Amino acid sequence: MAMTTVALLGFSLDWLVKRWVVAHLALSESAPLWPGVAQLTYVRNEGMAFSLFDQSPHALMLVGAAFFVLFLMLGFSQCAAGRGLSIAYGLILGGALGNLVDRFISGSVADYVELTFIRYPVFNLADTLICVGVATALFFCLRTPQAPCRPAS
């Protein structure tokens, strides 16, 4: 239950922020968010992280959908492994769904968070959810003695 709730909340929040950015900023336009730290900059990303594979948008849709289904099945199979791991899978699924839906609707993903204190690619909330979810899943997988992330032998 925690996995689906977290996934739906993450997806909804990402979707709302993306729609707000698209409605209020022109492509490549920036707006201050936290002076000296971050700003909103609306860009479209046809690739995946860091614009990798931007020449294969249809392949990315298929791969993204396959990974979403894989993590969905993995999340449901691991739901007895504990609340922490369930939340981690929910974060991954919510972020993946946010970018996947955006890619299917627009052919690309709306990115909007630009860190101004370092040189780093523009990203979005869905990317953050995926990264935090993966880090959280690794934490719970590595600290659990019975290793819930590996199939029983």
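A helix here is a DSSP run of H or I with at least four residues, a strand is a run of E with at least two, and both are numbered from the N terminus. The expected span of a helix is 1.5 Å times one less than its number of residues.

**Entry 1: ground rules.** I am working with a predicted model, in which local features need pLDDT of at least 70 and side-chain atom pairs count only at pLDDT 80 or more, while totals for chains, interfaces and linings use all residues. Residues are numbered from 1 along each chain as its sequence is written, and side-chain values use heavy atoms, with hydrogens and water left out.

**Entry 2: the whole chain.** I found 4 helices and 3 strands in the protein chain. Read from the N terminus, the order is α-β-β-α-α-β-α. I then looked up burial (buried is under 20% relative accessible area, exposed over 50%, with a 1.4 Å probe and protein chains only). Of the 153 residues, 36% are buried. For contacts, I used heavy atoms within 4.5 Å. Among contacts with a separation of 6 or more, 66% join residues 24 or more positions apart.

**Entry 3: helix 3.** I checked the span of helix 3, residues 83-106. Its 24 residues reach 34 Å from first C-alpha to last, close to the 34 Å expected. Just after this helix, I noted Gly 107 with a positive phi of about 85°.

**Entry 4: helix 4.** Helix 4 covers residues 125-143, and its 19 residues reach 27 Å, close to the 27 Å expected. Which residues of helix 4 are buried? I listed Ala 126, Leu 129, Gly 133, Ala 137 and Cys 141. Seen down the helix axis, these fall within an arc of 90°, so they line one face of helix 4. The arc is taken from the directions from the helix axis to the C-beta atoms. A handy reminder for me: an α-helix has 3.6 residues a turn, so residues three or four places apart point the same way. The buried residues of helix 4 pack against helix 1 and helix 3. On the other side of helix 4, I see Cys 131, Leu 142 and Arg 143 exposed.

**Entry 5: the start of helix 4.** I found Asn 124 capping the N-terminal end of helix 4, with a side-chain oxygen 3.0 Å from the backbone nitrogen of Ala 126.

**Entry 6: Asp 14.** I placed Asp 14 in helix 1, residues 2-24. Is Asp 14 buried or exposed? Asp 14 is buried, with a relative accessible area of 0%. Leaving aside neighbours within four places in sequence, Asp 14 is in contact with Gly 98, Asn 99, Tyr 112, Asn 124, Leu 125 and Ala 126.

Notes:
A polar contact is a pair of N or O atoms within 3.5 Å; within protein, one must be able to donate a hydrogen and the other to accept it, and residues adjacent in sequence count only if both atoms are side-chain atoms.
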